[in-house]
Amino acid sequence: MSFKSLEEMNSKLVRCRRCPRLVKFRVAVAKRNSRFLGESFWSRPVPGFGNIDSRLLILGLAPAATGGNRTGRVFTGDKSASFLFSCLYDVGLSNKPDSVSKDDGLRLEDLYITAVLKCVPPSDKPTRQELSNCSDYREFEIEHMKNLKVILTLGKIAFDICKAYYKSKGYDVSGLVFKHGAAYRLGGVWLYASYHPSPRNVNTGRLTKVRFVNVLSEIRDKFLS
Ligand code: SF4
């Protein structure tokens with residue numbers, strides 16, 4: 001599918017039903033969560049957040065069940081969002097240290113955030129087919145970022161998806177290995193890798209605030225100043 005503008009893409013995106021398993025799950029998950037009983041969930045594909053003319057793109061995996069899938073904004077209303085935004089705030093890339101709801105007044109600085117998959121997958125495990133189904137949305141976003149200098153991928157799936165995308169554009173990606181803090185030049189764009197700020201990684205100490213802020217600080221100082 002091709003799109004004339006980001007607005008047109010988003011209007012088609014929020015009605016997308018290409019992945020039957022995810023269409024079911026994004027609705028079902030709302031009924032399972034007693035913590036948010038009575039709250040109406042977004043339960044649709046979640047668009048990107050921020051200014052598409054930014055130089056930095058942060059690419060996550062997918063909306064969280066009670067995060068983006070509940071609030072309708074990517075990295076909003078869950079623990080991963082709180083961790084991510086406490087770090088973004090520390091390095092001056094957001095005006096608030098948390099991301100709570102669509103109307104919380106949060107603004108991003110030279111940053112656009114989106115996910116490689118726009119619907120929440122069961123157990124955070126999308127199938128290859130689902131990732132492929134969603135490719136035209138994320139690729140349009142990347143191609144629409146005319147000032148793009150850096151992509152920070154959160155987690156190996158997002159990193160591998162980006163690698164495959166640049167390979168399809170003719171770049172040699174054979175030496176690209178997922179490692180926290182690794183950075184690779186692909187023409188005019190740098191691709192960074194980081195562990196995903198999920199509670200699993202944060203609670204086990206695999207990803208600490210210091211480690212994540214270090215990556216963000218490097219990106220800010222090298223590319224956004
Ligand atoms: S994951 Fe992407 S392709 Fe699949 S239903 Fe959601 S928006 Fe559509």
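How many nonpolar, polar and charged residues does the shell around the ligand have? By class, that shell has nine nonpolar, one polar and three charged residues, where Ala, Val, Leu, Ile, Met, Phe, Trp, Tyr, Cys and Pro count as nonpolar, Asp, Glu, Lys and Arg as charged, and the others, Gly among them, as polar.

Before I go on, please keep in mind that this is a predicted model, in which local features need pLDDT of at least 70 and side-chain atom pairs count only at pLDDT 80 or more, while totals for chains, interfaces and linings use all residues. Residues are numbered from 1 along each chain as its sequence is written, and side-chain values use heavy atoms, with hydrogens and water left out.

To stay with the ligand for a moment, 13 residues surround it, and the closest are Cys16, Arg18, Cys19, Cys119 and Cys134; a residue is counted here if one of its heavy atoms lies within 4 Å of the molecule. The ligand sits in the largest cavity, which is to say that more than half of its atoms lie within 2 Å of the cavity's grid points. A cavity, on a 1 Å grid over the protein atoms alone, is a set of points where a 1.4 Å probe fits but cannot get out.

Turning to the whole protein, its secondary structure comes to nine helices and six strands, taken as DSSP runs numbered from the N terminus, with helices being H or I of at least four residues and strands being E of at least two. The radius of gyration is 16 Å, close to the 17 Å that the globule rule gives for 225 residues, so the protein is as compact as a globular protein of that length; the radius is taken over C-alpha atoms, and the rule is 2.2 Å times the number of residues to the power 0.38. Of the 225 residues, 55% count as buried, meaning under 20% relative accessible area, with exposed being over 50% and partly exposed in between, for a 1.4 Å probe and protein chains only.

Now the sheet. The six strands form an open sheet in the order β1-β3-β2-β4-β6-β5, with mixed pairing, and two strands are said to pair if DSSP finds at least two bridges between them. The edge strands are β1 (49–50) and β5, each of which pairs on one side only. Strand β6 (residues 189–194) pairs with β5 (residues 183–186) in the antiparallel sense over four bridges, and with β4 (residues 150–154) in the parallel sense over five bridges. Strand β5 has a covered face, Tyr184 and Leu186, and an uncovered one, Ala183 and Arg185. In the hairpin of β5 and β6, with two residues between the strands, glycine 187 takes a positive phi near 65°.

Which brings me to backbone angles elsewhere. Most residues other than glycine have a negative phi. Serine 43, in the loop between α2 (20–32) and β1, has a positive phi of about 50°, and serine 43 is buried, with a relative accessible area of 11%. Aspartate 124, in the loop between β3 and α5 (128–133), has a positive phi near 55°, but at 41% relative accessibility aspartate 124 counts as partly exposed.

Note on methods
1 Å grid on protein atoms, 1.4 Å probe; cavity = no way out; pocket = protein on both sides within 12 Å on 5 of 7 lines; lining within 4 Å.
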